[in-house]
Amino acid sequence: DIYGKAYKALLDNPTVTDPGYRGEVIAAFDFALGRIAQYAKDRDAEVIVVYVPNYSYPSHLKPLPEDLRQVLNKYGTRIVDMAEPFNQTIGLEPGDRGIYLFAIPNDGHLSPLGHAMIAEKIVSALNREPFD
């Protein structure tokens with residue numbers, strides 16, 4: 001039910017990218033994350049969110065937006081922001097493969113390297129002290 005409501009509010013709405021609608025997007029995110037965080041807390045678990053920026057239009061990937069980060073911090077969520085690690089791969093591969101090493105050229109999915117980079121950051125997040 002939560003997924004259905006969030007999907008309808010965010011993806012079935014043509015104005016979702018309108019800056020004036022941003023408050024609604026953040027409210028929906030806050031609602032959904034609040035439910036997920038409570039579910040995890042009830043099971044003595046933590047929530048880790050891996051932010052994979054949109055890399056369809058490469059040049060420089062943007063970090064997790066501050067308003068989303070604030071909601072994640074509100075619930076004590078561990079954040080793995082992949083923007084900078086992925087940005088560090090720019091220009092490291094032959095020109096015929098595209099721009100980023102972490103993505104499969106002309107496919108749009110993460111490459112084995114992209115998955116390994118994320119896994120490494122998750123392990124690092126798990127080794128940090130939990131939020132209080």
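## Fold and cores at a glance

Going along the sequence, the protein chain reads α-α-β-α-β-α-α. That comes to five helices and two strands, where helices (H or I, at least four residues) and strands (E, at least two) are DSSP runs numbered from the N terminus. Heads-up: this is a predicted model, with local features needing pLDDT of at least 70 and side-chain atom pairs counting only at pLDDT 80 or more, while totals for chains, interfaces and linings use all residues. Residues are numbered from 1 along each chain as its sequence is written, and side-chain values use heavy atoms, leaving out hydrogens and water.

**Surface and contacts**
- Of the 132 residues in the protein chain, 32% are buried, meaning under 20% relative accessible area (1.4 Å probe, protein chains only).
- The chain exposes about 8900 Å² (Shrake-Rupley, 1.4 Å probe), and carbon and sulfur atoms supply 56% of that.
- Take the contacts (heavy atoms within 4.5 Å) between residues at least 6 apart in sequence: 58% of them join residues at least 24 apart.

**Nonpolar cores**
- A nonpolar core here is a set of buried Ala, Val, Leu, Ile, Met, Phe, Trp, Tyr and Cys residues joined through side-chain atoms within 4.5 Å.
- The largest one has twelve residues, including Tyr-55, Leu-61, Phe-86, Phe-102 and Met-117.
- Helix 4 (83-87) and helix 5 (112-127) are the elements giving two or more residues to this core, and helix 5 gives the most, with three.
- Ala-83, also in that core, touches Tyr-51, Pro-53, Leu-61, Lys-62 and Pro-63, leaving aside residues up to four places away in sequence.
- A second, separate core of ten residues includes Ala-40, Val-47, Leu-64 and Ile-79.

Notes:
Buried < 20%, exposed > 50% of the residue type's maximum accessible area, 1.4 Å probe, protein only.
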